[in-house]
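Thanks for coming. I have one model to go through today, so please have a look at it before I start.

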Amino acid sequence: MKKLSFTLAFERPLHLLDRCPIYKPSPLLHRFFGPKYVLLKDETQRMELGAFKALGGVYAVAQIIIGPGGSQDMPLSEMREKAGTMTFICASAGNHGMAVAAGARIFGAKARIHLPETAPQVFEKRLVQQGAQVVRSAATYEESVRCAIKDAADNNDIHLADGSWEGYMEPPRLVMEGYTVIAQELREAFVETGDWPTDVFLQAGVGGLAAAITYMIRANWPVQPKITVVEPENAPCLRDGVKAGQVVTVVGPVSNMGRLDCKTASMLALEVLRQMADSFVTVSDHQAQLATESLAAVDIRTTPSGASGLAALLASDISVDARPLVIISEGQV
């Protein structure tokens with residue numbers, strides 16, 4: 001197997017989060033859906049932002065403020081002083097923008113978030129509440145990314161995307177590194193219970209979450225599950241990128257899995273998943289909606305994006321004796 005061109009480590013984001021009074025591990029739930037027993041990592045309340053992306057955006061903002069070679073124990077007052085002249089810019093379908101805006105607010109910087117027209121109005125309101133400036137810059141997420149890049153370059157601000165491409169790697173690597181905390185929380189729980197999953201279903205947009213969890217599973221879990229990457233059938237950019245051996249842009253209609261409806265994969269995520277994931281599957285909008293309803297029936301409120309991993313599991317022929325793990329990636333929008 002070809003060696004990866006980068007590394008991820010959970011210790012750095014965990015060290016930072018230990019200084020955060022609202023950080024705590026997200027719940028690991030146990031539910032039955034028909035005869036299938038499922039482990040559910042519930043990210044719907046993560047750090048009061050309601051999605052796993054809180055871990056990546058906040059951590060990346062902090063690390064950029066600290067800077068290369070800076071102390072991980074830099075006092076908050078010093079970080080806020082450094083951040084006073086900084087503005088963080090990104091494009092988002094919602095949750096990544098929320099995390100960047102929250103990080104900027106916490107550490108005393110500014111944030112400007114580019115939303116596509118398809119992003120729900122509720123995200124715009126929540127971003128404004130975080131103190132961010134919101135720009136409805138384009139019809140699609142991919143076009144908003146291009147607008148955010150130009151905005152940052154024109155104004156000499158900091159572009160903090162969660163997707164990566166040739167020549168743009170370190171900020172999205174930091175975002176992915178923040179997500180590794182989820183895998184470490186899971187590892188610690190499974191070490192204690194011994195209830196290691198046999199299968200893991202990981203939903204993917206540009207692929208940051210799926211890649212970060214996959215990387216950590218392969219790096220330090222003593223019991224290795226089968227890893228399945230789940231994408232909307234309208235946006236299989238990782239599946240098609242793996243087949244092509246390079247990043248590709250796919251074409252398809254808008255999906256109800258809005259936070260996963262990304263047509264171009266992150267280069268870093270593709271590198272990890274091409275080498276370490278076992279399979280790639282797609283789910284339909286209808287399947288994702290049904291999974292959302294199944295979760296609501298057990299008092300977990302999420303969206304088709306958040307439920308898509310479960311949708312793939314429920315559509316699979318996995319044995320009833322298996323112990324599958326699914327991440328519920330966001331709360332109800």
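First, the conventions. This is a predicted model, in which local features need pLDDT of at least 70 and side-chain atom pairs count only at pLDDT 80 or more, while totals for chains, interfaces and linings use all residues. Residues are numbered from 1 along each chain as its sequence is written, and side-chain values use heavy atoms, with hydrogens and water left out. Helices (H or I, at least four residues) and strands (E, at least two) are DSSP runs, numbered from the N terminus.

The sheet, then. It is an open one of four strands, ordered β5-β4-β3-β6, with parallel pairing; two strands pair if DSSP finds at least two bridges between them. At the edges are β5 (133-138) and β6 (158-159), each of which pairs on one side only. Between β4 (residues 110-116) and β5 there are five bridges, in the parallel sense. Arg112, for instance, has Gln133 of β5 as its bridge partner.

Next, the cores. A nonpolar core here is a set of buried Ala, Val, Leu, Ile, Met, Phe, Trp, Tyr and Cys residues joined through side-chain atoms within 4.5 Å. Buried means under 20% relative accessible area, exposed over 50%, and partly exposed in between, with a 1.4 Å probe and protein chains only. The largest nonpolar core has 82 residues, and those with the most contacts inside it include Ile65, Phe88, Ile113 and Leu273. What does Ile113 contact beyond its neighbours within four places in sequence? The list is Cys90, Ser92, Gly97, Val100, Leu127, Ala132, Gln133, Val134 and Val135, where contact means heavy atoms within 4.5 Å. There is also a second, separate core, of 22 residues, with Val230, Ala291, Ile300 and Ala312 among them.

Ala291 brings us to helix α11. Its buried residues include Ala288, Ala291, Thr292 and Leu295. These four are on the same side of α11, because they cover an arc of only 105 degrees around the axis; the arc is that of the directions from the helix axis to the C-beta atoms. In general, an α-helix has 3.6 residues a turn, so residues three or four places apart point the same way. The cover over the buried residues of α11 includes β1 (28-33), β2 (36-42), α12 (304-315) and β10 (324-328). On length, α11 runs over residues 285-296, and its 12 residues at 1.5 Å each should span 16 Å; the end C-alpha atoms are 17 Å apart, which agrees. The expected span is 1.5 Å times one less than the number of residues.

Now the aromatics. Seven aromatic pairs turn up in a search of the whole structure. Rings of Phe, Tyr and Trp (its six-membered ring) pair if their centres lie within 6.5 Å; planes under 30 degrees apart count as stacked, over 60 as edge-to-face and the rest as tilted. Phe52 and Tyr179 are edge-to-face, because their ring centres are 4.9 Å apart and their planes are at 65 degrees. This pair links distant parts of the chain, 127 residues apart: Phe52 sits in the loop between β2 and α2 (53-66), Tyr179 in helix α7 (residues 170-193). Both Phe52 and Tyr179 are buried. Trp165 and Tyr168 are a stacked pair, with ring centres 4.7 Å apart and planes at 20 degrees. Of these, Trp165 is partly exposed at 29% relative accessible area, and Tyr168 counts as buried at 11%. Phe190, Trp196 and Trp221 form one aromatic cluster.

Two buried residues to look at. Where is Ala235? Ala235 is in the loop between β8 (226-232) and α9 (237-244), and at 0% relative accessibility Ala235 counts as buried. Beyond four places in sequence, Ala235 contacts Val250, Leu260, Asp261, Cys262 and Lys263. Thr214, in helix α8 (residues 208-220), is buried at 0% relative accessible area. Thr214 touches Leu202, Ile227, Val272, Leu273, Met276 and Ala277, leaving out residues up to four places away.

Last, backbone angles. Most residues other than glycine have a negative phi. Glu48, not a glycine, has a positive phi of about 65 degrees; Glu48 is in the loop between β2 and α2 and is exposed, at 65% relative accessible area. Asp299, also not a glycine, has a positive phi of about 65 degrees; Asp299 is in the loop between α11 and α12 and is exposed, at 64%.
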